[in-house]
Every structure is written in C-alpha cells, then in structure tokens.
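User: Hello! I would like to go through some labels on this model and see what stands behind each of them.

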Amino acid sequence: MVFSWKLLKVHGDSMVPILRNGDYIVAKKIKLGDKIKKGDYVEVSHPDLGSILKIVKSLDKKYIRIEGISPLSADSDQIGQIPYSNISARALFCISKRGLIRL
C-alpha cells in the first residue's frame with residue numbers, strides 16, 4: 001500500500017545524537033497486528049505533547065514505556081505509559097546532513 005509510509009521532520013533535541021532537529025524520518029504506519037519491540041523508534045500521539053518520536057523502552061500487554069536519547073528528554077516516568085493505540089508509525093530511516101541512517 002502506497003500510503004503506509006510517512007515522512008516526518010524532527011523537531012527538538014530529545015533524540016540527539018542519533019536524530020537532530022531538522023532531520024527527516026522515513027516511517028511506516030502501524031497497522032493492526034504489527035509487532036512493536038523494545039528498541040524500536042516510534043511516532044507516538046501524546047494527548048499533551050502531540051506527535052513525538054521516541055524509543056520503546058519496555059512493553060507489557062496494554063502499554064509501552066518510551067524514552068529519548070538525550071538526558072534532557074522526557075520519558076514515561078514524566079509523561080506516562082503509552083497505550084498501543086497511540087503508536088502511529090515505526091521509524092526506519094533518518095535522512096540528515098550526515099546521510100541516510102538505518103534506525
């Protein structure tokens with residue numbers, strides 16, 4: 001399906017040094033039944049923060065816990081656990097001034 005891919009722009013520094021402000025992310029939309037695993041880079045729809053990009057820290061049957069890379073980044077300890085239904089896409093590649101990076 002052509003529409004299962006998204007191009008996202010990174011805003012902020014929560015994922016530095018891997019992802020930097022202004023980088024672009026190629027992501028695949030999450031479909032029902034897609035597996036999410038620890039270490040995946042995911043786009044999350046957060047009720048207060050909007051669309052955010054984080055790494056999956058851990059999972060249970062109903063929720064995931066997320067974190068950023070930067071020590072200044074908010075993680076699930078600050079913003080709460082995320083229901084699976086709030087994960088909209090899995091990031092696969094970063095396009096930056098440094099080139100193409102597989103995530």
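User: What makes Arg 65 part of a strand?

Analyst: Arg 65 falls within E5, residues 63–67; strands (E, at least two residues) are DSSP runs, as helices (H or I, at least four) are, numbered from the N terminus. Bear in mind that this is a predicted model, where local features need pLDDT of at least 70, side-chain atom pairs count only at pLDDT 80 or more, and totals for chains, interfaces and linings use all residues. Residues are numbered from 1 along each chain as its sequence is written, and side-chain values use heavy atoms, leaving out hydrogens and water.

User: Why is Arg 65 called partly exposed?

Analyst: Its relative accessible area is 22%. Buried means under 20% and exposed over 50%, with a 1.4 Å probe and protein chains only, and partly exposed is in between, so Arg 65 is partly exposed.

User: Which residues does Arg 65 touch, not counting those up to four places away in sequence?

Analyst: Ile 55, Val 56, Lys 57, Ser 58, Ser 76, Asp 77 and Gln 81; contact means heavy atoms within 4.5 Å.

User: What makes the pairing of the Arg 65 and Asp 77 side chains a polar contact?

Analyst: The distance is 2.4 Å. The definition asks for a pair of N or O atoms within 3.5 Å; within protein, one must be able to donate a hydrogen and the other to accept it, and residues adjacent in sequence count only if both atoms are side-chain atoms. The Arg 65–Asp 77 pair therefore counts as a polar contact.

User: And how far is Arg 65 from Gly 12?

Analyst: They are 20 Å apart in space, C-alpha to C-alpha, and 53 residues apart in sequence.
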